[in-house]
Every structure is written in structure tokens, then in C-alpha cells.
Amino acid sequence: MLITISGPSGSGKSTVAEKLGKRLRLPVLDTGKVFRTMARRSGMDLVEFLSYTAAHPEVDRGLDREIIRRAGQRHVIVGRLAGWMTKRKRLPAFRIWLDASQKVRAGRIAGRENGDAKSELRRLAARDSADRRRYLRAYGLDVNDRSIYHAVIRTDRLTLKEVVDATIKEFAVWQKKLKKKPAKRQPKPSRKR
């Protein structure tokens, strides 16, 4: 089974994925970590690499191909486009979108990076806008379109445990719906007389 966790920066994707992976005994594939590793190997910080990828969409596409290749059938895949990647490749996956206000997300990012929340809020607003334009140009999709997700969870006022519990609950509901779907009937062969 594939589970994708998508959402904007600071929404809790990576943290939730790690806990979810442990609870469900699934390996976690974090596209953000892969992206940051690519930035380091290119000799750029994250901001420089984001600018570079905006001008070179083939980098994103290559990353996407690599993630899908590595994913297999049993993973939690974390990333802004993880849901869209599996949808476009027609891979059966449970797709979750995590979200939180920009203020909450900026505070989380500032906390993990020992930064200033006000400065981070300005950077985050610019990054959200730049990412949206980047994905529209590179893929022709609106990253904020949540129509492909099986569940959308607001993480602003929830503890990590509550978010993981809500994700598992939504996943269980999705699995039950899958089991109830009737099998596609094969057309009866025509009989010539």
C-alpha cells in the first residue's frame, strides 16, 4: 500500500510521516530530504536550489521519476507533489493533504531552524507563491488543488498524536470503501448463431 502525505512547508508532513510509518510498519520516503540532499550535492543552499529548479523544471521531473521508482508498493511518500505524482502515474495510493495557517507554519519552521518567526513568515509567503508558479509551469497543475486527496487535515491546533490518529482513521475508512467497491463485471461474450 502507498500512502502519500502532501502539504505546504511547515504543515507537519515529515514529522507525521515518520510517526505514521512506525505505527503502520511502512518505510518512509521523504522527497524533501532527497531534494535537500540534491541541493547540498549541487553546492547550493535550499533557497538557491529552489531558484535553480524554478528555471530548470527537468530537475523536479527527474526527482519525481526517482521517487516513483524507489517507492515500490509499500511506502509512506512525503512531499508537496507526492499525491499528484501517484495520481498521474495511476498508482493506487491513499492521499492525505496536511495544512496549517502560514503563521503556524512559519512558527514551526523558525523553531526547527532557530530562526525568527516574522522573517520566516515573509519567506514562507514568498515561497508558497513561488512554488505554486513553479508547479504550474513545470507540471500544469495547481498544487493547492485538493480534489485528488482522500482527506485534508488541518494541523494548526492538533497534537502530533492527534494528526497521526486522524490519518489512520481516514486511512481505515478509505480501505473499507475499497473493499466495498464491486468488482468490475466482465462483458458477456457475444454468442453468434
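Student: Leaving aside neighbours within four places in sequence, which residues is I67 in contact with?

Tutor: In this predicted model, I67 is in contact with L29, T31, V34, I77 and M85. Contact here means heavy atoms within 4.5 Å.

Student: What makes the set around I67, L81 and L141 a nonpolar core?

Tutor: The term asks for buried residues of listed nonpolar types, joined through side-chain atoms within 4.5 Å. The largest such set has 25 residues, and I67, L81 and L141 have the most contacts inside it. At least two residues each come from α2, α3, α4, α5, β4 and α7. The largest share, four residues, is supplied by α4. In soluble globular proteins, nonpolar side chains tend to be buried together.

Student: How many residues does the second core have, and which are among them?

Tutor: This separate core has 17 residues, including I5, V76, I96 and W174.

Student: Why are R105, A106, I109 and A110 said to lie on the same side of α6?

Tutor: Start with burial: in α6, residues 102-112, these four are buried, each therefore under 20% relative accessible area. They cover an arc of only 135° around the axis, so they sit on the same side of α6. An α-helix has 3.6 residues a turn, so residues three or four places apart point the same way.

Student: What covers that buried side, and what is on the face turned away?

Tutor: The cover includes β4 (93-99) and α7 (117-139). The face turned away carries K103, G111 and R112. Those three are called exposed because exposed means over 50% relative accessible area.

Student: What follows α6?

Tutor: N114 follows, with a positive phi near 50°.

Student: Which residues lie nearest the centre of the largest pocket?

Tutor: S9, R36, R80, R112 and R127 do, out of 48 lining residues. The volume is about 1,200 Å³. α7 gives the most to the lining, with twelve residues.

Student: How does the lining of the largest pocket divide by class?

Tutor: It has 20 nonpolar, twelve polar and 16 charged residues. Arg counts as charged, so R36, R80, R112 and R127 fall in that class.

Student: What makes K87 a lining residue of the second largest pocket?

Tutor: Lining residues have an atom within 4 Å of a pocket point. K87 is listed in that lining, along with others including R90, H150, W174 and K181. The volume is about 230 Å³. α8 gives the largest share, three residues. By class, the lining has five nonpolar, one polar and five charged residues.

Definitions and conventions. Residues numbered from 1 in each chain as written. Predicted model: local features only at pLDDT ≥ 70, side-chain atom pairs only at ≥ 80, totals over all residues. Heavy atoms only, no water. Buried < 20%, exposed > 50% of the residue type's maximum accessible area, 1.4 Å probe, protein only. Arc of directions from axis to C-beta. 1 Å grid on protein atoms, 1.4 Å probe; cavity = no way out; pocket = protein on both sides within 12 Å on 5 of 7 lines; lining within 4 Å. Points joined across faces, edges and corners; volume = space filled by probe spheres on them.
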